Amino acid sequence: MTQIKRKLATILATDCVGFSKHMEAQEENTLISLKACRDIIDPLISKYGGSIFHTAGDSVIAEFDSPVQTAKAAIEFQKAIYNRNKLEEVDPKLSWRVGIHLDDIIIEGDNIYGNGVNIAARLESQSPVGEILISEVVNKQIEKRINEVIHPLGRIELKNISNEFEVFSILGDGKNKFSSKNKTNLNKKPKFAILPFVNTSKDEDSGFLVDGICEDLITEFSMMREFDILSRQTSINFKEENQDIKEFSKQFDLDFLVTGGIRASGKRVRINIELSDANDESIIWSNKYDRVLEDIFDLQDEIVRKISIALLGEIEISSLQRSKRKPTENISSYEYLLRGKENHHKFTKEANFEALANFDKAIKADSNNAQAYAWKVCTLGQSMFRGFSDRDASELMTEAKQNIEKALELNENDFECHRMLSAVYLSNHDYILAEDHGRKAFNVVPNDPRVLSGYGEVLVRVGKVDKGLELLNKAFDLDPIPQGQSTSDNRVKDLILGYFFAEDFNKVVELSFDIRVMDTRSLALILFARSQLNQDIKNSNEYKLFTDEFKATNWEQVVDRFHIQDKKITTNLLNFIEAI
């Protein structure tokens, strides 16, 4: 009987993301691009002492003697492919996943078998795009031997593998956390995204209507505690970045997707809408509607109800009645409202000016359109904080307050107004009213990330840290890159503030690595956290930044703008800053 040959080896599995989709769209170019990627991958595997023992063209499995060399090979080819994809002439831009595991393997001729091979392949299938997913045993071998940051992503269940694995990522930002599929998830709320609807109108100008209807639907579901729904901005980012829908669903742990198309012709609106399972893409519910624009609110009600029933059955939804939310009976006022919101979302000086004009026209068409007043306040705030207006700030603030009062007079439940008033009172250190208005906004719209982050910031400051952190983390989960921003910095900075108040200084330092552009508040809190952990702060990047750029800062004035209610915390922070 032939003796079975075994050895300890590191297995690398890599696979091209969305290869079949690319082949269907442009077969020849995809094959050319694939060959170019393999011309990068194969030589680097050989360079670092690896040996390819299986390939299916768009996937490669190789074995190495050293986990460090395996990681170096994967890092180098992932970076090379990333740089290749930045070239304008590359089309399609192919991305790859990588899984690495160290285990005992069986060698039979040119073939390799064993559980280690299976685990590497399973890790690869779960790896975030463009990253390298490694098992805990690999992490222990390489963590101090490579230059790249390794992020823990949690525990993961691998298909047909009995044990849960602690996994780590290289070349990522650490945000693609895995949540263990344990019993606590049985009570998980359905989580879904409404993706931007396709505009099938012949008239390009109707885009504002298509986006407006989609945004209204997202707001409707944001009012329901029975669901978690991704923000409008996160869904728009999916469209603009042309992401793979499966990758998008996996990234945000989605259960369901809503897609559709809208065609506007004169005063008629045709909507095709579809609810599907995010895991297997099966259709759960779909319908087509042909209505006049005046019926759009009733139509939205019907769509929301149908989707709710499809997901939860006949239940009593916890949101307010439509009569409380319907902005206007005047369709011209509604159209101007949608045009104003479209311009508000562009975040330019010209669009800001146009948005204000749109809201004024909406108010002129219907002086009882509460949402027009509320959105005008948002736009005036944008004008102030982004320097879009030459008018005096006090004049803008006076006009904003007048519009807030009018909006609340027309609709005492207008969450936009309560959200903004919460921020205003917080800036004035009136913590009681800040919490009161934040709670009112949250009670109306418990899934809007702007409400979650604003109310969460208030709660962590007034001592309700656990609830505040829950809301701040949820805001990050539903809307990692806020509207008008290009990074997750603002969400991370909010979390740093929350964990500072929770005195979880390890978490503060962990989050510090995710900030791309440092601000004074986060800088002070991170340095303080490091000191509480007895770290050598003078060898930190934050300390260098502090001494190079911020040492001459009027820190007493700056810390006052942290809006900390507990004076003892403020004093401790100022004493610490003075000491360093």
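Glu 215 is in contact with Arg 232, Lys 341, His 345 and Trp 375, leaving aside its neighbours within four places in sequence. The model is predicted. Glu 215 belongs to helix α6, which spans residues 207-222. Its relative accessibility is 9%, so Glu 215 counts as buried, the cut-off being under 20%.

Aromatic contacts come next. Twelve aromatic pairs are found in a search of the whole structure. In one of them, the ring centres of Phe 221 and Phe 227 are 5.5 Å apart and the planes stand at 90 degrees, so this pair is edge-to-face. Both Phe 221 and Phe 227 are buried. Elsewhere, ring pairs join Phe 500, Phe 501, Phe 505, Phe 528 and Phe 576 into a cluster.

An α-helix has 3.6 residues a turn, so residues three or four places apart point the same way.

| Charged residue | Ring | Distance of charged end from ring centre |
|---|---|---|
| Arg 339 | Phe 208 | 3.9 Å |
| Lys 507 | Tyr 499 | 5.9 Å |

Key
Residues numbered from 1 in each chain as written. Predicted model: local features only at pLDDT ≥ 70, side-chain atom pairs only at ≥ 80, totals over all residues. Heavy atoms only, no water. Helix = DSSP H or I, 4+ residues; strand = E, 2+ residues; numbered from the N terminus. Buried < 20%, exposed > 50% of the residue type's maximum accessible area, 1.4 Å probe, protein only. Contact = heavy atoms within 4.5 Å. Phe/Tyr/Trp six-rings, centres within 6.5 Å; stacked < 30°, edge-to-face > 60°. Lys NZ or Arg CZ within 6 Å of the ring centre and 35° of its normal.
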